[in-house]
Amino acid sequence: MPNLGYYHPQIVHFVIAGAGLGIFFRWLSLTGKLSWTDRAATALILLGAVAAWFAVTSGADAHGAPERIPGVGRAVQLHEDAGHDARNVLLLIALLEVVALVPALVKWRRWILAGSALVGVGGAYEIYDVGRLGGELVYSYAGGVGIRSGDSTDVNR
């Protein structure tokens, strides 16, 4: 698989927007007032879960260079751990969404989707937490100034 580290910021923003909107739509769909939000929620949650897998993969590809910045290793590790947690919760939500599509379980569909919405609250928190830790990396450690140029004096800016 190619190195996805360069695309990590783009991928994680898709997770934040896609999965976050999917979770929101799942809650809206439970009201029964906006029927289109049901399928939209499923699609966005599934896409968000796949994107979360790619986000973790791209983060693993990207973490080497920033960890060489003095003092940033712990912050990178916290962000990475939170990314794994977010991915796992989003995969659980996606699994519930897929189970809800099984025709034999149609009489349980509303309850399964309610479970997805409830787990979605935890997923939304995990998305927030990993984003907060990623923001801390960018704004507290400048996201790795100098790691691409190779000029170690850039890190002092």
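This is a predicted model: local features need pLDDT of at least 70, side-chain atom pairs count only at pLDDT 80 or more; totals for chains, interfaces and linings use all residues.
The pattern along the sequence is α-α-α-α-α.

The chain has 157 residues, and 39% of them are buried. Its accessible surface comes to about 9100 Å². Carbon and sulfur atoms account for 67% of that surface. Contacts were also sorted by sequence separation. Of those between residues at least 6 apart, 73% join residues at least 24 apart.

Aromatic pairing was searched over the whole structure, and five pairs were found. One of them joins Tyr6 and Tyr7. The two rings are edge-to-face, with 5.4 Å from centre to centre and 90° between the planes. Tyr7 has a relative accessibility of 44%, so this residue counts as partly exposed. Phe24 and Phe25 also pair. Their ring centres lie 6.3 Å apart. Their planes meet at 40°, so the pair is tilted rather than stacked or edge-to-face. Phe24 is partly exposed, at 47% relative accessibility. Phe25 is buried, because its relative accessibility of 12% falls under the 20% limit. Ring pairs extend this group to a cluster of Phe24, Phe25 and Trp36.

Trp27 lies in helix H1, which spans residues 8–29. Its relative accessible area is 39%, so Trp27 is partly exposed. Together with Leu118 and Val121, Trp27 forms a nonpolar patch on the surface. The accessible area of these three residues together is about 310 Å².

Asp38 belongs to helix H2, residues 36–62. With 15% relative accessibility, Asp38 is under the 20% limit and therefore counts as buried. Residues up to four places away in sequence aside, Asp38 touches Arg26, Ser29, Arg109 and Leu113. The contact with Arg26 includes a polar one: the side chains of Asp38 and Arg26 are joined at 2.8 Å. The C-alpha atoms of Asp38 and Gly22 are separated by 9.2 Å, and the two residues are 16 apart along the chain.

How values were computed
Residues are numbered from 1 along each chain as its sequence is written. Side-chain values use heavy atoms; hydrogens and water are left out. Rings of Phe, Tyr and Trp (its six-membered ring) pair if their centres lie within 6.5 Å; planes under 30 degrees apart count as stacked, over 60 as edge-to-face and the rest as tilted. Buried means under 20% relative accessible area, exposed over 50%, partly exposed in between (1.4 Å probe, protein chains only). Patches are made of residues with over 30% relative accessible area and no salt bridge: like charges are joined within 9 Å, nonpolar side chains (Val, Leu, Ile, Met, Phe, Trp, Tyr) within 5 Å. Accessible areas come from the Shrake-Rupley method with a 1.4 Å probe; for residues, only the protein chains shown count as cover. A salt bridge is a side-chain nitrogen of Lys or Arg within 4 Å of a carboxyl oxygen of Asp or Glu. Helices (H or I, at least four residues) and strands (E, at least two) are DSSP runs, numbered from the N terminus. Contact means heavy atoms within 4.5 Å. A polar contact is a pair of N or O atoms within 3.5 Å; within protein, one must be able to donate a hydrogen and the other to accept it, and residues adjacent in sequence count only if both atoms are side-chain atoms.
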